[in-house]
Amino acid sequence: MKRTKVIDALKRTDFGSEITVMGWVRSKRGSKGIFFIALNDGSTIKNVQIVGEDQHFDEETVKLITTGACLKVVGTLVESPASGQASEIQAKEIEVLGECDNTYPLQKKGASWEYLRTVAHMRPRTNTFGAILRIRHNMAMAIHTYFHEHGFYYFHTPLITASDCEGAGNMFQVTTKNLYDLKKDDEGKIDYSDDFFGEQVALTVSGQLEGELGATALGQIYTFGPTFRAENSNTPRHLAEFWMIEPEMAFYDKQDLMDLEEDFIKYCVRWALDNCRDDLEFLNKMVDKTLIERLEGVLKEDFVRLPYTEGIEILQEAIKNGKKFEFPCQWGDDLASEHERYLVEEHFKKPVIMTDYPKEIKAFYMKLNEDGKTMQGTDVLFPQIGEIIGGSVREESYDKLMAEIDRRGMETEKLQWYLDTRRWGSCPHAGFGLGFERLILFVTGMQNIRDVIPFPRTPKNCMF
Ligand code: 4AD
Ligand code: MG
């Protein structure tokens, strides 16, 4: 089917030429025998205006041009007398490819986010979700381009795994067994020997452990894929299925790691400003009036680099001065999102890379500092979002890593392959994980993570 995409139609200036466009009716209005259709085909946030005279079309066809209907329009490209658009199309033929009656769930403008989640299969057709999803695509392209240009290899890590990278026990099990009739041993434990993989396996929470195998061979790699967490966190920042980008680099120390985290995020934000202008302007107008200003702001700032211990001191000082937090923040506590946001939004008013966390609140693989108490973590905290990146230098010493694994009572047999990186030719290395949807939240100004992925998976919700 020969057609001009709306994005290209709007750029054309060969007025008088014939043009064919196809798309969905956003709105139709008419007066004095003339009708105007705003047609959108998803190629851009902008609609092309179709102008037709009632007398040239049969009444039945005109009646079927309703909000949501899909049309093929053949007409003449003309200069538009209306302001805000250079061209429009004078319709000669209109074919209704798909009718749309008044049960269409996106009839009315201004539907709530909650309502739109119940029709997530249709919401990509709204202006806002169109903008978000085009930006999401662009961010994926930015990420691949960044790493490719910086000599990182795209490394594919498995989704089904027997190891719990973060050690938090939030994994979704994968089995082909009949759950109503499980084989158990004498102690009543499930016997996995006759399950598909012959052992207990689950969906991955992170590709990092396998990513480290890639980095200690190829030098620097990144993963970009879905990850799964069965945490019962009903928050605007958590999904049960989310996408993560995990670069891992041999011969990186903490300084190198923080520099990469900052440069990488800024590159993505700049990419959005350079390549998603129309969609950002739309979101800036409709969703968050300070969006573009905030994105530009991040590019100008040097991120603050703040050891956890100093962060706690700032929070304690704030409490002394009357600031109220819901959760405690003594040295040793994991920071809640309210603490992170206080530091970023109120105290420093710019992104913060927090470093050197107490080892008790972080994962087993992080490099221990000389003090024996803190680990070389490097999380990036962002305005509106809180933690957007979790990263660390990795413990490269076999003995120290083993000691930590033992201390935590983890099963060493299952991690032998991982420990082999430290057994043979171990090297200093580091890496981080960026939550893709949290990046999209920041770049779009949206408030809820359920609204920046086409089909969100959250506790008690696996629709579509
Ligand atoms: O901090 P996390 O748990 O770190 C890791 O998984 C490391 N293995 C990463 C690495 O060093 N290679 O997760 C990394 C990021 C978080 O900072 C957050 O942005 C995002 O993943 N994230 C989530 N995003 C949406 N929903 C959830 N439930 C998330 N959990 C983590
Ligand atoms: Mg984290």
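Start by selecting I353 and V380: I353 stands opposite V380, which belongs to β14. A word on ground rules before moving on. This is a predicted model, where local features need pLDDT of at least 70, side-chain atom pairs count only at pLDDT 80 or more, and totals for chains, interfaces and linings use all residues. Residues are numbered from 1 along each chain as its sequence is written, chains are lettered from A and ligands numbered from 1 in the order in which they are written, and side-chain values use heavy atoms, leaving out hydrogens and water.

**Stop 1**

Now colour β13 and β14. They pair in the antiparallel sense, over six bridges. Strands here are DSSP runs of E with at least two residues, helices are runs of H or I with at least four, and both are numbered from the N terminus. Two strands count as paired if DSSP finds at least two bridges between them. As background, strands of a sheet pair through backbone hydrogen bonds, either parallel or antiparallel.

How many residues of β14 are buried? Nine of the nine, so β14 is largely enclosed by the rest of the structure. Buried means under 20% relative accessible area, exposed means over 50%, and partly exposed is in between, using a 1.4 Å probe and protein chains only.

Next, pick D356 in β13 (residues 352–358). Its phi is near 55 degrees, a positive value in a residue other than glycine. D356 is also buried, at 12% relative accessible area.

Carry on to β15, which pairs with β14 over four bridges, again in the antiparallel sense. The hairpin of β14 and β15 has three residues between the strands. Click Q384 in that loop, between β14 (374–382) and β15 (386–393). Phi of Q384 is positive, near 75 degrees, and this is another residue other than glycine. Is Q384 buried or partly exposed? At 24% relative accessibility, Q384 counts as partly exposed.

**Stop 2: R294**

From Q384, hop to R294, which is in contact with Q384 as well as D288, F442 and G445, leaving aside neighbours within four places in sequence. Contact means heavy atoms within 4.5 Å. R294 sits in helix α8 (residues 291–300) and is buried, with a relative accessible area of 16%.

**Stop 3: two crossing helices**

Show α9 (residues 308–320) and α10 (residues 337–348): their axes come within 11 Å and cross at roughly 80 degrees. That makes α9 roughly perpendicular to α10. The axes are lines fitted to C-alpha atoms, for helices over the stretch in contact, with angles from 0 to 180 degrees between N-to-C directions. Angles of 65 to 115 degrees count as roughly perpendicular, under 35 as roughly parallel, over 145 as roughly antiparallel and the rest as oblique.

To see the contact, select G311, I314, L315 and A318 of α9 together with H339, Y342, L343, H347 and F348 of α10.

**Stop 4: α12**

In α12 (residues 416–423), select Y418, L419, T421 and R422, which are buried. They cover an arc of only 135 degrees around the axis, which puts them on the same side of α12; the arc is that of the directions from the helix axis to the C-beta atoms. What covers these buried residues? The cover includes α5 (208–218), α11 (398–407) and β16 (429–435). Then click G425, which follows α12 and has a positive phi near 65 degrees.

**Stop 5: the barrel**

Select β1, β2, β3, β5 and β4. In the order β1-β2-β3-β5-β4, these five strands close into a barrel with mixed pairing. Neighbouring strands of this sheet are turned by 55 degrees against each other on average, direction ignored. For a parallel pair, look at β3 (residues 48–53) and β5 (residues 87–98), joined by two bridges. I50 has I89 of β5 as its bridge partner.

Then pick M22 in β1 (residues 18–31). M22 counts as buried, at 10% relative accessibility. Beyond its neighbours within four places in sequence, M22 is in contact with residues including M1, L39, D41, K72 and L97. M22 and K72 are 50 residues apart along the chain, yet their C-alpha atoms are separated by 4.4 Å.

**Last stop: a three-strand sheet**

Finish with β7, β9 and β8, an open antiparallel sheet in the order β7-β9-β8. β7 (160–161) and β8 (173–174) stand at the edges with a single partner strand each, so one side of each is left without a neighbour in the sheet. Select V174 and V201 to end: V174 stands opposite V201 in β9.
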